[in-house]
Amino acid sequence: MRQLKHGTIELILGNIVDQDTDAIVNAANTKLTGGGGVDGAIHRAAGPQLKEFCLQLPADEQGRRCQTGHVQTTPAGNLKAKYVIHAVGPFYNERYSDKAHTQLRQVHTLALQAAIAHHCTSIAFPAISTGAYRFPVAAAAKTAIDCVCTFLSTTPGLSFVRFVLYKQPQYDIFSSTLEEWRMDDLDP
Ligand code: AR6
């Protein structure tokens with residue numbers, strides 16, 4: 001746990017669906033019709049209403065309701081949270097790793113901003129892109145932690161951000177990344 005100027009960041013080992021933060025973030029795909037991993041767990045726990053909320057969002061001709069690197073917010077059905085912020089992280093490709101990092105940072109920033117826009121003061125994130133989308137966990141942790149710590153150091157609105165890590169090795173990597181984070185690491 002770390003207290004930053006405008007809010008606290010906390011890491012736990014657990015399941016994203018159990019979180020009682022105002023918003024939880026889904027590691028979604030562009031169609032927003034559900035999937036495996038976090039996405040499957042959230043849709044199962046939230047009930048069929050969540051898919052209905054997603055299907056109400058406009059889709060392009062390829063059925064995409066949210067572009068990579070962007071977010072869409074819906075109510076949360078049967079979950080304890082009030083909102084699900086569906087975030088589409090990048091599929092990791094080593095040849096385009098700069099683009100993947102940019103998109104991963106952007107999706108975290110947009111999720112934080114969406115939470116504030118919906119009057120949330122707390123939000124829980126999974127480790128977006130580190131499963132089916134194959135982002136190396138240490139690299140994803142550095143980007144995700146730096147984005148959230150920078151945001152909480154500079155922007156009022158959210159008092160609490162939690163990362164929910166599903167496996168001990170991921171928790172350990174996120175923990176050491178958070179311990180090592182310094183304001184000097186702030187990107188220009
Ligand atoms: N709570 C918290 N973390 C979890 C949970 C859970 N219940 N289940 C898995 N994780 P992934 P992605 C961890 O694949 O890489 C879906 O099919 C998991 O260990 O859920 O962004 C979507 O529809 C991993 O570290 O998301 C997309 O098509 C992390 O969450 C695609 O997968 C993210 O794994 C998105 O891939």
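This is a predicted model: local features need pLDDT of at least 70, side-chain atom pairs count only at pLDDT 80 or more; totals for chains, interfaces and linings use all residues.
Good morning. I begin with the ligand: it has 24 residues around it, and those that come nearest are Gly 36, Asp 39, Ser 129, Thr 130 and Gln 170. Residues are numbered from 1 along each chain as its sequence is written, and side-chain values use heavy atoms, with hydrogens and water left out.

The shell around the ligand divides into 11 nonpolar, 11 polar and 2 charged residues; here Ala, Val, Leu, Ile, Met, Phe, Trp, Tyr, Cys and Pro count as nonpolar, Asp, Glu, Lys and Arg as charged, and the others, Gly among them, as polar. Helix α1, residues 37–46, provides the largest share of this shell, with 4 residues. Helices (H or I, at least four residues) and strands (E, at least two) are DSSP runs, numbered from the N terminus.

I turn to individual atom pairs. Oxygen atoms of the ligand lie 2.7 Å from a side-chain N or O atom of Gln 170, 2.8 Å from a backbone N or O atom of Ser 129, and 2.9 Å from a polar backbone atom of Ala 132. On its own the ligand has 700 Å² of accessible area, of which the protein covers 91%; such areas come from the Shrake-Rupley method with a 1.4 Å probe.

Is Ser 129 buried or exposed? Ser 129 counts as buried because its relative accessibility is 5%, where buried means under 20% relative accessible area, exposed over 50%, and partly exposed in between (1.4 Å probe, protein chains only).

Leu 32, another residue other than glycine, also has a positive phi, near 60°. Leu 32 is found in the loop between β3 (23–27) and α1. With 2% relative accessibility, Leu 32 therefore counts as buried.

Ser 153 has 10% relative accessibility, so it counts as buried. Thank you.

Notes
A residue is near a molecule or strand if one of its heavy atoms lies within 4 Å of it. A polar contact is a pair of N or O atoms within 3.5 Å; within protein, one must be able to donate a hydrogen and the other to accept it, and residues adjacent in sequence count only if both atoms are side-chain atoms.
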